[in-house]
Amino acid sequence: MPELPEVEITRRSFAERIEGATVRQVRLGKPLRWPLGCPAESLVAQAVGAASRRGKYLWLPLERGGLLMHLGMSGSLAFSEAPPSPPGAHDHFDLVTSRGTLRLTDPRRFGAVVWSPALDDGPAAKLLATLGLEPFDAAFDGEHLHRALRGRRVAIKQALLAGDIVVGAGNIYACEALFEARIDPRTAAGRVSRARCDRLAQAIRRILSQALALGGSTLRDFRDAHGMAGSFQQHAAVYGRQGEPCLVCGTPVRRIVQSQRSTFFCAHCQRR
Ligand SMILES: [Zn+2]
């Protein structure tokens with residue numbers, strides 16, 4: 001599943017190249033998770049603005065409204081300056097512009113491209129309403145995290161994955177951040193102290209920065225718009241290392257399942 005770093009890397013791969021282009025044609029393939037929400041022809045002749053990201057959504061502003069895009073479970077967006085090639089079986093959206101073609105390839109079709117009158121209006125506002133803070137937002141710190149976790153009985157790992165406190169701490173990054181902050185992933189969220197929340201907020205930011213620097217993780221068959229595979233997973237301290245020695249203390253890394261997701265942790269370094 002593309003996580004926040006992959007989505008951000010995807011954005012960077014085409015944002016500058018498509019800004020200022022004019023939409024020439026829109027081609028829809030098989031239905032995606034949600035319908036486009038406007039006649040495809042109505043997008044033609046509109047100018048494209050600067051693409052931004054909110055959580056794992058990308059927003060491509062047009063002259064009238066814009067397109068909110070999500071990669072779902074298996075989607076990837078690629079921008080090509082070459083004349084558009086015939087769409088393949090899994091290519092379900094093409095935005096053909098004067099500068100090139102932005103194409104969504106999505107075998108499982110959980111991704112979506114949705115027109116919205118504005119980012120803070122219509123379907124976009126609805127879809128983004130429950131998102132937590134951006135991890136690199138100055139407002140996201142230990143104090144915010146501690147306040148948001150108060151009273152929550154769910155395990156800290158699950159509280160992070162929910163994405164309503166902070167976005168971006170997907171499974172691999174949540175495991176790694178909890179290891180770095182030395183917090184047992186099973187700890188009740190509301191029992192994580194303020195000092196540990198400080199460490200955790202810092203760890204989330206550092207891990208996501210590292211993932212961005214490495215170009216995203218190599219989970220599944222993620223490819224960004226340049227066809228580049230990332231290498232975050234090769235640098236993971238606990239994720240995917242079940243039975244291997246902890247890099248800090250040598251204790252074998254454990255794997256458990258929380259809400260049907262694998263959690264990797266060191267039972268010695270990470271405490272409740
Ligand atoms: Zn350890």
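The legends below describe several close-up views of a predicted model.

The model is predicted, so local features need pLDDT of at least 70 and side-chain atom pairs count only at pLDDT 80 or more, whereas totals for chains, interfaces and linings use all residues. Residues are numbered from 1 along each chain as its sequence is written, and side-chain values use heavy atoms, with hydrogens and water left out.

**View 1. Arg11 in helix α1.** Arg11 has its place in helix α1, which covers residues 4-18; helices (H or I, at least four residues) and strands (E, at least two) are DSSP runs, numbered from the N terminus. Arg11 counts as buried because its relative accessibility is 19%, where buried means under 20% relative accessible area, exposed over 50%, and partly exposed in between (1.4 Å probe, protein chains only). The side chains of Arg11 and Glu8 make a polar contact at 2.9 Å; a polar contact is a pair of N or O atoms within 3.5 Å, and within protein one must be able to donate a hydrogen and the other to accept it, while residues adjacent in sequence count only if both atoms are side-chain atoms. If residues up to four places away in sequence are not counted, Arg11 touches Ala51, Ser52, Arg53 and Leu58, contact meaning heavy atoms within 4.5 Å.

View 2. Four strands form an open sheet in the order β2-β3-β4-β8, with antiparallel pairing; two strands pair if DSSP finds at least two bridges between them. At the edges are β2 (52-54) and β8 (112-116), each of which pairs on one side only. Neighbouring strands of this sheet are turned by 25° against each other on average, direction ignored; axes are lines fitted to C-alpha atoms, for helices over the stretch in contact, and angles run from 0 to 180 degrees between N-to-C directions. Helix α1 packs on the sheet, where it touches β2, β3 and β4, and its direction makes about 15° with that of β3. Strand β3 (residues 57-61) pairs with strand β4 (residues 66-70) in the antiparallel sense over 5 bridges, and Pro61 stands opposite Gly66 in β4.

**View 3. Ala159 in helix α4.** Ala159 belongs to helix α4, residues 156-161, and it counts as buried because its relative accessibility is 2%. Although Ala159 and Leu149 are 10 residues apart along the chain, their C-alpha atoms are separated by 7.7 Å. Leaving out residues up to four places away in sequence, Ala159 touches Leu149, Val154, Asp164, Ile165 and Ala189.

**View 4. The crossing of α3 and α6.** The axes of helix α3 (residues 142-149) and helix α6 (residues 194-214) come within 7 Å and cross at roughly 120°. The two helices are therefore oblique to each other, since angles under 35 degrees count as roughly parallel, over 145 as roughly antiparallel, 65 to 115 as roughly perpendicular and the rest as oblique. Residues of α3 that meet α6 include Gly142, His146 and Leu149, and among their partners in α6 are Arg194, Cys197 and Ala201.

**View 5. The covered helix α5.** Helix α5 (residues 171-180) is mostly covered, with 9 of its 10 residues buried; among them are Ile172, Tyr173 and Phe179. These buried residues pack against α1, α4, α6 and β10 (261-265).
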